[in-house]
Number of protein chains: 2
Amino acid sequence: MTTNQTDAQIANALNAVAGRENVSDIFFVACGGSYAHMLPNQYIVEREAKAIIGNALNAAEFKARAPKRLGKNSIVIACSHSGTTPETVEAVKIARAAGALTISLTHDLGSPLDRESEFTISYVHAPLTMSPIHSAAVLQRLTFGVLKAREGNTKADDFDKGLAAFPALAEKLVSDHQDKVAEFAETHKREAIIYTMASGPNFGQAYSFAICLLQEMQWVHSAAIHAGEYFHGPFEITDFDVPFIQLMGLGPSRAMDERALAFAQKYSKRVTVLDANDLGATSLPESVSEYLAPLVFSPVLRAYADKLSEAKGHPLTVRRYMWKMEY
Amino acid sequence: MTTNQTDAQIANALNAVAGRENVSDIFFVACGGSYAHMLPNQYIVEREAKAIIGNALNAAEFKARAPKRLGKNSIVIACSHSGTTPETVEAVKIARAAGALTISLTHDLGSPLDRESEFTISYVHAPLTMSPIHSAAVLQRLTFGVLKAREGNTKADDFDKGLAAFPALAEKLVSDHQDKVAEFAETHKREAIIYTMASGPNFGQAYSFAICLLQEMQWVHSAAIHAGEYFHGPFEITDFDVPFIQLMGLGPSRAMDERALAFAQKYSKRVTVLDANDLGATSLPESVSEYLAPLVFSPVLRAYADKLSEAKGHPLTVRRYMWKMEY
């Protein structure tokens with residue numbers, strides 16, 4: 001798809017959002033890596049919305065909860081790359097039957113998710129870069145678009161301005177980080193476990209790196225630790241040889257990241273830091289820079305995973321179960 | 001404290017809930033193990049509430065988000081065992097300044113959390129059992145109480161009836177499980193990593209076992225895997241020698257647990273199953289049995305941790321960082 005196509009699809013969906021009689025809830029529904037992309041959107045709604053509620057849920061959990069509030073005042077934003085994830089397709093069917101406005105992202109127009117959704121938006125998939133038509137960016141454009149249409153939130157324009165700095169910014173970051181990434185890969189290629197840590201709008205990036213890149217694609221044990229939770233349990237596993245990847249965000253959540261980093265660096269010699277301040281995020285519009293930080297981390301983290309997979313001789317495409325059997 | 005004291009404190013807080021002009025949100029705010037107890041309450045609100053929103057957040061994350069909706073229509077329910085957790089105390093101050101009704105649980109009346117909160121409820125702390133005045137039970141009584149007072153939800157009485165079956169039920173379960181628990185401890189005492197897995201109202205139990213019992217108190221690497229997310233990444237780390245503890249809940253989330261268990265048992269020889277159906281939960285009132293399941297798991301999981309700590313020779317009370325230094 002092209003920028004024009006995606007932009008038109010977003011405008012079309014937001015037009016329907018503006019036309020609804022009332023909007024009280026946005027449910028962000030997906031699985032795995034797509035679910036991870038939903039998490040910063042709940043964060044945005046909580047930070048920015050006067051009355052609208054944001055709620056990110058795994059699609060099977062959404063079905064189990066069958067939220068009583070779900071109805072004609074709800075928007076359900078779903079995402080499945082293939083458009084075939086059964087839980088996500090089913091969640092959209094449930095939502096639509098309940099009268100909710102359904103807007104889905106998928107890479108595959110014509111897929112079951114596309115067919116079941118009232119509105120569909122397609123996106124580009126190129127993990128080593130970032131642009132306004134990458135899925136993570138499209139989701140946040142939708143969120144700000146809903147808040148603009150329904151509550152007059154004025155940050156959508158700043159957000160779009162910030163996005164315009166990508167993909168040049170992403171390309172530069174990946175290029176600038178080549179040496180650091182190569183060193184990480186060599187020094188971590190034998191690790192059995194690597195923790196990730198983040199907070200606020202960046203927790204989703206830490207989560208997707210842990211479950212998709214490390215557990216799924218590298219068979220490395222992992223867990224995403226919330227930096228605010230670290231001191232209430234997880235920090236006791238910190239030791240000189242325990243590896244962490246710490247994401248340092250922007251805005252009010254950064255204090256959590258700084259506190260966690262100070263401790264982790266004191267007791268572990270294996271802490272890798274990705275700081276949005278060193279990643280060009282400070283050149284972005286200040287009113288939305290905290291929300292853009294996860295989009296900065298995304299391509300850089302992918303570069304880390306790519307190089308780790310090379311060093312391990314374990315391509316990111318290898319699976320032993322996924323897509324290979326019924327489950 | 002006694003049952004009468006705790007009951008009176010709950011009634012007092014719910015009286016204030018009934019007297020509010022409007023209630024739109026319940027924020028459940030805490031850290032670590034107390035935060036884990038909040039998660040089933042968000043689940044209950046989503047399943048049961050017609051209009052009220054439930055949102056469980058780590059206390060530092062709550063401060064960073066500074067939810068724009070927070071105000072005089074909000075209830076903030078907080079919990080800190082010692083009553084001194086700075087993030088939780090600060091969250092309550094923020095909430096109260098915003099006009100929210102603040103209700104806190106703490107073991108220590110007279111603590112900072114007690115002093116800062118409009119209403120305080122004390123509870124018994126005895127991890128190997130369960131009763132209507134344990135913190136996890138008190139939180140759910142409060143949640144059903146709010147839904148009864150504000151929306152006429154009728155399940156509070158069933159819930160109280162179900163709770164009356166504890167602590168006799170908990171005592172029997174811990175006693176019945178002695179052999180299974182001892183076998184788990186012997187066969188897992190050298191494990192470097194143990195995953196926990198659950199979904200729905202039981203995810204909080206899996207989470208607290210991972211971060212408090214395993215990471216904090218046993219220095220065993222761990223992560224709580226959401227059973228609905230398992231197939232979208234984490235399941236690729238499953239192998240014959242990778243240990244899982246799978247909680248099997250009741251109600252609509254059970255389908256996720258069953259699907260995850262079927263896969264995990266096929267490819268790992270190290271899956272320990274705790275099934276609410278085998279734990280007497282089916283004798284509880286059906287309308288609320290899914291919500292009571294986490295209260296059934298709690299004492300049994302503690303028995304597992306106790307025995308593991310014995311087998312490892314690593315008491316649950318040992319810490320290397322917590323309470324021993326500034327952080």
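What distance separates the centres of domain 1 of chain A and domain 2 of chain A, taken over C-alpha atoms?

Reply: Quick housekeeping: this is a predicted model, where local features need pLDDT of at least 70, side-chain atom pairs count only at pLDDT 80 or more, and totals for chains, interfaces and linings use all residues. Residues are numbered from 1 along each chain as its sequence is written, while chains are lettered from A and ligands numbered from 1 in the order in which they are written.

Now, the two centres sit 26 Å apart, going by C-alpha atoms. Domain 1 covers 3-163 and domain 2 covers 168-312 of chain A, with bounds from an automatic or database domain assignment. Where they meet, 20 residues of domain 1 of chain A are in contact with 23 of domain 2 of chain A (contact here is C-beta atoms, placed from the backbone, within 7 Å). On the domain 1 side, the elements giving two or more residues are helix 2 (32-48), helix 6 (135-151) and helix 7 (155-164) of chain A; helices are DSSP runs of H or I, at least four residues, numbered from the N terminus. Helix 2 of chain A supplies the largest share of that side, 8 residues. By class, that side of domain 1 of chain A has 11 nonpolar, 6 polar and 3 charged residues (Ala, Val, Leu, Ile, Met, Phe, Trp, Tyr, Cys and Pro are nonpolar, Asp, Glu, Lys and Arg charged, the others, Gly among them, polar).

Zooming out, the C-alpha trace of chain A spans about 55 × 45 × 40 Å along its principal axes.

Methods
Contact = placed C-beta atoms within 7 Å.
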